[in-house]
Amino acid sequence: FMIVNATEVEEGGSFKGALLDSYGQGVANKTITYHKPGYQMGTLVDTTTDENGEFFIEDAQYLEDAGKDNYYGDFTYAGDGKYKGCTYGRNVTVIPN
């Protein structure tokens, strides 16, 4: 499963998330795909979990023309032969400065 430590982030701020196994242990070196603010449904980007299963989003972007799409969300791990895929279904809204 996946957790994220914020529901809102200020423009330029940062937040983190973690990919955990069924025992609550971090899962290292796995690709997480997520939506970041952008025009027309935003942009999908990849990041990789560190040795503790954590991933970090830094320097959060706010795009004035993106309207309701000013969020990070749909954090997804596709799964592999050992771990099932999962998605964190909530968004982290970017608050403009």
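This is a predicted model: local features need pLDDT of at least 70, side-chain atom pairs count only at pLDDT 80 or more; totals for chains, interfaces and linings use all residues.
Residues are numbered from 1 along each chain as its sequence is written, and side-chain values use heavy atoms, with hydrogens and water left out.

**Exercise 1.** Find which strands pair with β4, and in which sense.

*Solution.* Start with the terms: strands are DSSP runs (E, at least two residues), numbered from the N terminus, and two of them pair if DSSP finds at least two bridges between them. Next, take β4 (residues 31-36) and β5 (residues 43-48): they're antiparallel, with six bridges. Here Tyr34 sits opposite Val45 of β5. Then look at β7 (residues 71-77), which pairs with β4 over two bridges, again antiparallel. There, Thr33 has Thr76 as its bridge partner.

**Exercise 2.** Classify the ring pair Tyr34 and Tyr72, and say whether each residue is buried or exposed.

*Solution.* First, the rule: rings of Phe, Tyr and Trp (its six-membered ring) pair if their centres lie within 6.5 Å; planes under 30 degrees apart are stacked, over 60 edge-to-face, and the rest tilted. That gives six aromatic pairs. Now for our two: the centres of Tyr34 and Tyr72 are 6.1 Å apart and the planes are at 40 degrees, so the pair is tilted. Tyr34 belongs to β4 and Tyr72 to β7, 38 residues apart.

Finally, buried means under 20% relative accessible area, exposed over 50%, and partly exposed in between (1.4 Å probe, protein chains only). Tyr34, at 9%, is buried, and Tyr72, at 2%, is buried too.

Terms used
Helices (H or I, at least four residues) and strands (E, at least two) are DSSP runs, numbered from the N terminus.
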